[in-house]
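These are my notebook entries on one chain. I record below what I looked up and how each term was defined.

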Amino acid sequence: MKLIPHDFVGTYFNRDSLALWYQDDGALKGNRIILSCECFSHMDKRFLQQDKPN
């Protein structure tokens, strides 16, 4: 299980880091973008889905 430090996300997660994540471990399926996050906890996945993580 991978843990996501929430303060790290608030500081470093931006459009560029999202683009790198997509290019490294993402896929386009139909009209949806899929990002690999199977190793994250359910709580961390929900955290990443927020518009503006706290």
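**Entry 1: Fold.** I read the chain along its sequence and noted the pattern α-α-β-β-α. In total, I recorded 3 helices and 2 strands. Helices (H or I, at least four residues) and strands (E, at least two) are DSSP runs, numbered from the N terminus.

**Entry 2: Source.** I note that this is a predicted model, in which local features need pLDDT of at least 70 and side-chain atom pairs count only at pLDDT 80 or more, while totals for chains, interfaces and linings use all residues. Residues are numbered from 1 along each chain as its sequence is written, and side-chain values use heavy atoms, with hydrogens and water left out.

**Entry 3: Whole chain.** I looked up the extent of the C-alpha trace, which spans about 30 × 25 × 20 Å along its principal axes. Of the 54 residues, 15% count as buried. Buried means under 20% relative accessible area, exposed means over 50%, and partly exposed lies in between (1.4 Å probe, protein chains only). I also looked up contacts, defined as heavy atoms within 4.5 Å. Among contacts with a separation of 6 or more, residues 24 or more positions apart account for 46%.

**Entry 4: Charges.** I found 7 positive and 7 negative side chains, and the centres of the two sets lie 7 Å apart. Lys and Arg count as positive and Asp and Glu as negative, without His and the chain ends; each charge is placed at NZ of Lys, CZ of Arg, CG of Asp or CD of Glu.

**Entry 5: Ile 33.** I located Ile 33 in strand E2, residues 32–35. Ile 33 counts as exposed because its relative accessibility is 56%.

**Entry 6: Phe 13.** I placed Phe 13 in the loop between helix H1 (6–12) and helix H2 (15–25). Its relative accessible area is 33%, so Phe 13 is partly exposed. Which residues does Phe 13 touch, not counting those up to four places away in sequence? I listed Phe 8, Leu 18 and Trp 21. The C-alpha atoms of Phe 13 and His 42 are separated by 19 Å, and these residues are 29 apart along the chain.

**Entry 7: Leu 18.** I then turned to Leu 18, which is found in helix H2. Leu 18 is partly exposed because its relative accessible area is 36%. Leaving aside neighbours within four places in sequence, Leu 18 is in contact with Phe 13 and Leu 35. From Leu 18 to His 42, 24 residues apart along the chain, the C-alpha separation is 19 Å.
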